[in-house]
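Good morning, everyone. Please take a moment with the sequence and the model before I walk you through a few of the helices.

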Amino acid sequence: MDNELIDISTSLRLQIGYGIGHVLNDVCASLWFTYLIVFFHLVLEFSATQAGNLMLIGQISDALSTPFIGYHSDHTDNLVSAKYGKRKLWHLFGTACILASFPFIFSQCVGCSMTHKWAQMFYFSSFIVTFQIGWAAVQISHLSLIPELADDDHTRAHLTAVRYGFTVFSNLFVYIITWIVLRVTGECDKQQVGPGDAWKFRHIVYIVLSVGTVASILFHLSVTEKRTNRNQDQLIDYDNNTPVQTHCEFLKKPVLYQVAGVYMSTRLVVNVSQVLIPLYLHRTLGLAARSLAVIPLALYLGSLTAAGVQRLIPRSFTRKLNYLLGSACALSGFVWIYIESDDNYKIYYIYLVAVLIGFGGAIMLVTSLALTADLVGARTEASAFVYGLMSFTDKLACGIAIAIIQM
């Protein structure tokens with residue numbers, strides 16, 4: 001690709017190619033957030049605190065690695081990155097880390113399954129840290145491509161919606177595969193998840209990783225990164241018309257912290273609900289194992305609807321109105337969970353609650369990502385650094401919140 005920006009709205013191949021570049025991350029994140037606590041607490045029989053600490057270790061690793069990866073992604077300048085693209089090079093590195101570590105997280109401890117749980121935590125932590133570094137590399141490199149591929153606010157929002165649409169499809173795929181595996185292998189409709197289900201989760205991981213690997217290969221074949229001029233060491237501050245020579249200038253902007261607060265709050269809504277809903281279904285409502293796939297599936301059907309709605313929203317509909325709509329839908333779902341617990345709720349209304357939370361969370365997330373792309377603007381040299389800071393606040397807040405809840 002030359003230095004001219006591609007018209008994203010007319011390039012279907014680029015839209016699809018870009019969208020599938022995050023599928024591997026999406027399927028792994030779906031398993032991580034939805035089933036990590038379930039797998040370690042209910043299948044491997046770790047205590048709730050130990051399972052929460054493993055989640056916290058992963059979130060802290062991700063939080064610490066994202067600013068580092070973001071900074072170095074912006075400054076990568078070598079012969080390989082010049083020809084292949086610095087964002088895609090980091091994406092490739094992250095993909096390799098994920099494939100080398102994630103299968104071991106959702107498996108029993110190899111050669112140490114009978115040792116003390118605290119000893120096993122060191123084994124699993126090594127793979128979790130490797131996975132989170134790889135996940136962060138893929139996420140930051142993929143997000144930082146948005147400002148480089150689009151120079152218009154509406155086009156960026158459109159590309160973000162396409163990206164989130166593939167995220168939703170990836171989650172739907174994971175939940176459908178999980179439902180099929182749990183449904184086909186279950187002895188009865190009311191059977192709950194237990195220690196005998198370890199092999200089921202292992203097979204689910206192998207299936208979704210295979211699809212994610214193919215998607216990553218297609219991404220690298222179909223998307224060509226825009227070449228950047230590394231001699232251009234100054235960025236332009238369009239608010240004050242002053243030169244910005246280092247990333248430190250971004251840290252002096254109040255709007256950076258405002259957007260980070262919005263993004264962190266959004267991720268708390270989306271991720272914490274994704275982690276705790278399966279436990280709520282199992283522990284509080286006492287539903288069968290297959291509900292741990294069916295109800296998250298309903299949640300992401302709501303997300304898929306939101307992704308479609310976002311594409312139809314006119315330019316006159318502001319970011320604030322978008323976010324307000326999403327917040328209202330998600331909040332109504334959480335209030336419904338708090339006040340209802342009768343049989344009709346367990347059988348019927350829980351699906352409507354899931355759709356509300358999914359719809360609201362998706363609109364909030366797409367809007368917050370669009371705000372981040374707006375913050376970067378034309379200063380694409382610092383895009384990975386900014387996205388890394390956003391992800392830092394998100395991962396740290398979610399990890400701490402989940403660990404506290406699990407105590």
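Where does α3 bend, and which proline follows within four residues? This is a predicted model, in which local features need pLDDT of at least 70 and side-chain atom pairs count only at pLDDT 80 or more, while totals for chains, interfaces and linings use all residues. Residues are numbered from 1 along each chain as its sequence is written, and side-chain values use heavy atoms, with hydrogens and water left out.

To answer the question, α3 bends by about 30° at Ser-65, and Pro-67 is the proline that follows; the bend is the angle between axes fitted to the seven residues ending at a residue and the seven starting there. Helices here are DSSP runs of H or I with at least four residues, numbered from the N terminus. The 28 residues of α3 should span 40 Å at 1.5 Å a residue, and this agrees with its end C-alpha atoms, which are 41 Å apart; the expected span is 1.5 Å times one less than the number of residues.

Let me turn to the partner of this helix. The axes of α2 (residues 23–43) and α3 (residues 48–75) come within 8 Å and cross at roughly 145°, where axes are lines fitted to C-alpha atoms over the stretch in contact and angles run from 0 to 180 degrees between N-to-C directions.

In α11 (residues 254–284), the 31 residues should span 45 Å, which agrees with the 42 Å between its end C-alpha atoms. This helix α11 bends by about 30° at Leu-276, with Pro-278 following within four residues, and just after α11 comes Gly-286, with a positive phi of about 65°. Helix α14 has a kink of about 55° centred on Tyr-349, and Gly-377, whose phi is positive, near 60°, follows α14.

Finally, a word on confidence. The mean pLDDT (the predictor's confidence in each residue, from 0 to 100) is 83, and 88% of the residues reach 70 or more. Over residues 1–6, however, pLDDT stays under 50, and over residues 231–246 it is likewise below 50. Where pLDDT is low, the predicted coordinates should not be read in detail.

Notes. Helices (H or I, at least four residues) and strands (E, at least two) are DSSP runs, numbered from the N terminus. Contact means heavy atoms within 4.5 Å.
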